[in-house]
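Please keep the sequence and the structure in view while reading.

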Amino acid sequence: MLDTDPDSNPNSPPPREIFTISRLNREARVLLERGLGTLWLEGEISNLSRPSSGHWYFSLKDEAAQVRCAMFRQRNLQVRFPVKDGAQVLARGRVSLYEARGEFQVVIDHLEEAGEGILRRRFEELKARLGAEGLFDTRHKKPLPRLPRRIGVITSPTGAALRDVLHILRRRFPAVPVLVYPVAVQGEAAPREIEQALRLASTRRECDVLIVARGGGSLEDLWAFNDEAVARAIFACPIPVVSGVGHEVDFTIADLVADERAPTPSGAAERVVPDRAEWLRGFALAARRVQAGMRRRLNELRSDLRVREQRLARTHPGLRLRQHVQRLDELEERLRLATRARIERARARHAVAASLLLRASPAIRVQSQRIRLDAARRALNSGIRGSIAAAQRRFELAGRTLHAVSPLATLDRGYAIVADAAGNVVQDAASLAAGDRVEARLARGRFSATVTGTAQDGATVREFER
C-alpha cells in the first residue's frame, strides 16, 4: 500500500510503496520462473519425503550446496528407477518459489539416473537438431500399405524380437512373406549395420514395408537407434518404416523419424499386416451386407412393381385405347384428306412453277438454236457439196479444154516438139544451121538429131542426120 499525507511538504520524498509478504513472494516467484526457466540439474538426493498425496519432496546437493525440490505425483509416476536418499540423479525442472514459506525450490518434471545423463543430453541435443531440420514432421510420414506383398525385418537374427515379429505375422496373416536383414542391434558396429541394411532395402525395393526392431534395454543398450546416421537413413528410405524398438516406455530417435512407431516389436508386426480373422469377418460382413442390400432392393422393386400394376389396373389403358379408336379413325381420315388436298395444291403449284420455268427456261432457246444450227449445218453441207460439184465440173471442162490445146494432145496426133541445144522450142527453121544439135519430143519418148539442112515453107525439106 502507499503511505500518503495530503499536508506533507511538496519537497518531501515520494510516497513509499509497501509490499505485503504474499506479494513479495509472488513477485519473486514470477521473476525466478521467467528469468531462469527450465534447466537441468545433476546431484544427490537427500531428505526424500513421500506424503500420502503422492508428491515427492527432496533436496538435491553436491559438495558445496543444496536446493529444495518438489516433484508432483503426475510426474513422478513416470520415473522408471527406484528413487532413494543417496541416489545420483539427473533432473529437469523449472526454478520457482514456494510462496507460503518463501522457500526457493525447483519443481522437477523429469528424473533419471545420473549414469544416463550424458547419453540423455546427447539424445536431447540430436532430437532438437533433427527436429529443427524437419525430420520428425508428419508431412514426411509415408502411409503403410494396407496389405504388403513382402515385409522386411531389420533386426538381430538371434534375438527374441525376431521371434516375436515372426510369431505375430504368422498368427495374423501368414500369407505375406518375410525377408530378414540380419544386423547387430547393440554395440559399436550396430549403427553402421542398421544404416547399411536400410540402404540395401531401399536399393533393392524387395519389400513394401520395413520393420526396425529390437527388444527392451537400458538407454545405452538402445543407443544404436539414437544414431544420427540411422535416423537419416530411415528418413531417406523410400519404403515405409515401422519402428518397434524396446518396450512401451522406451523412446528413441528412430521412433521419431520412422513413418510409424510401435511400442514393441510385436506391436510393429501387428501394425504392418491386417488381422486375418478380422479380414474374414469383414468379408463375411460385406457378403451379408451385399445379400441384405440385394434382398432390400428386390423387395423395393417388387413393391414398386405392385404399385405400378395397381396404377396400371386403375387407369385401364386398354379401355382408353378402345374409347379413342373412333377418334383415331376420324383423325386418320382427316389427316388423309388434308394430306391429299395439300399434295394436290402442291402439285398445282408445282405445275404452274414448271410451266413458268419451262417458258423462261433457256433450254427452249437452246433447243430452237440447236434446230437452226442443224438446218444451217445441213444447208452449209449441201452448199459445200454443190460448190464442190460445180467446181469439179468447171475443172473437168477446163481440163478438157486445156487438153485440147495442150501440146501433149498435139503430140498424140503425130506431131513433135523440137528444141535447140539451149532447150528453146524451135519455131523457125531459119534459126537452125547445118550441124546444130536438136532434141525432138514425141508423144512417147524423145530423140536427138543433127541438122544437115533447112528449108522455108514450100521448099524441099532437107534431111536431118540422126
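In this predicted model, Pro191, Ile194, Glu195, Leu198 and Arg199 of helix α5 are in contact with Ala229, Val230, Ala233 and Ile234 of helix α6. By residue class, the contact of α5 with α6 comprises 7 nonpolar and 2 charged residues, with no polar ones.

Two packed helices are described by the angle between their axes and the distance between the axes. Helix α5 spans residues 190–204 and helix α6 residues 228–236; the angle at which they pack is about 10 degrees, and their axes are 9 Å apart. Because angles under 35 degrees count as roughly parallel, α5 is described as roughly parallel to α6.

Charged pairs are the next topic. Side chains of opposite charge can pair when their charged atoms come close. The model contains 19 salt bridges. One of the pairs joins Arg171 to Glu270, with a separation of 3.8 Å between the closest N and O atoms. Arg171 belongs to helix α4 (residues 160–172) and Glu270 to helix α8 (residues 265–272), so this pair ties together parts that lie 99 residues apart in sequence.

Which residues make the nonpolar surface patch of about 280 Å²? The patch is formed by Leu380, Ile384 and Ile388. Of these residues, Ile388 is located in helix α12, which covers residues 362–405.

Conventions: Residues are numbered from 1 along each chain as its sequence is written. This is a predicted model: local features need pLDDT of at least 70, side-chain atom pairs count only at pLDDT 80 or more; totals for chains, interfaces and linings use all residues. Side-chain values use heavy atoms; hydrogens and water are left out. Axes are lines fitted to C-alpha atoms, for helices over the stretch in contact, and angles run from 0 to 180 degrees between N-to-C directions. Helices (H or I, at least four residues) and strands (E, at least two) are DSSP runs, numbered from the N terminus. Angles under 35 degrees count as roughly parallel, over 145 as roughly antiparallel, 65 to 115 as roughly perpendicular and the rest as oblique. Contact means heavy atoms within 4.5 Å. Ala, Val, Leu, Ile, Met, Phe, Trp, Tyr, Cys and Pro count as nonpolar, Asp, Glu, Lys and Arg as charged, and the others, Gly among them, as polar. Patches are made of residues with over 30% relative accessible area and no salt bridge: like charges are joined within 9 Å, nonpolar side chains (Val, Leu, Ile, Met, Phe, Trp, Tyr) within 5 Å. Accessible areas come from the Shrake-Rupley method with a 1.4 Å probe; for residues, only the protein chains shown count as cover. A salt bridge is a side-chain nitrogen of Lys or Arg within 4 Å of a carboxyl oxygen of Asp or Glu.
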